[in-house]
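The sequence and the model come first, and the description follows.

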Amino acid sequence: MEDEPLEEWAAHREQRRPTPGERRAVPLGEQPEQAAHVAPDEPRGIQEWDGHQWTPAGVAKDREAATDETGQDTARRADQVPLPTFGNLPPRPEPWRPTQQWHRPDAS
């Protein structure tokens, strides 16, 4: 496996990092982080990126309130994620076709 140069790695890392002041919503409680659609009526903690770590910034009563609070930051963050190019995908396989014709006998 070839390593990329340090300068390129650092540039990619900076693109993925949140900007200071960016906010995100996380579920409150003892359970590990889950997808946003899980338990939509439970409260969410709002965290803000200070340039080094996520710090608490508030609490929202449910997922909808948390989305209202962090919606613009979430959309901007999604735009930063690089998507794979489709030219690098392997060719589509041919569909399977049976080698013999099968005929159903008359049931009459």
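A salt bridge is counted here when a side-chain nitrogen of Lys or Arg lies within 4 Å of a carboxyl oxygen of Asp or Glu. By this rule the count is two salt bridges.

The model is predicted, so local features need pLDDT of at least 70 and side-chain atom pairs count only at pLDDT 80 or more, while totals for chains, interfaces and linings use all residues. Residues are numbered from 1 along each chain as its sequence is written, and side-chain values use heavy atoms, with hydrogens and water left out.

**Fold**

The protein has two helices and three strands, and along the sequence they follow the pattern α-β-β-β-α. Helices (H or I, at least four residues) and strands (E, at least two) are DSSP runs, numbered from the N terminus.

The three strands form an open antiparallel sheet in the order β1-β2-β3. Because β1 (23-27) and β3 (54-60) are the edge strands, each with a single partner strand, one side of each has no neighbour in the sheet. Neighbouring strands are turned by 35° against each other on average, direction ignored; the axes are lines fitted to C-alpha atoms. Two strands count as paired if DSSP finds at least two bridges between them. Strand β2 (residues 44-49) pairs with β3 over six bridges, in the antiparallel sense. R44 has A60 in β3 as its bridge partner.

**Salt bridges**

Side chains of opposite charge can pair when their charged atoms come close. Both pairs tabulated below involve R23.

| Pair | Closest N to O |
|---|---|
| E69 and R23 | 2.5 Å |

E48 in strand β2 and R23 in strand β1 are 25 residues apart. E69 lies in helix α2 (residues 63-80) and R23 in strand β1, so this pair ties together parts that are 46 residues apart in sequence. Through shared partners, the salt bridges join R23, E48 and E69 into one network.

Relative accessible area (1.4 Å probe, protein chains only) sorts residues into buried (under 20%), exposed (over 50%) and partly exposed in between. R23 is partly exposed at 23%, E48 is partly exposed at 25%, and E69 is partly exposed at 43%.

**Whole chain**

Of the 108 residues in the protein, 13% are buried. The protein exposes about 9,800 Å², of which carbon and sulfur atoms supply 53%; areas come from the Shrake-Rupley method with a 1.4 Å probe. Among contacts (heavy atoms within 4.5 Å) between residues at least 6 apart in sequence, 43% join residues at least 24 apart.

Notes. Axes fitted to C-alpha atoms, helices over the stretch in contact; angles between N-to-C directions.
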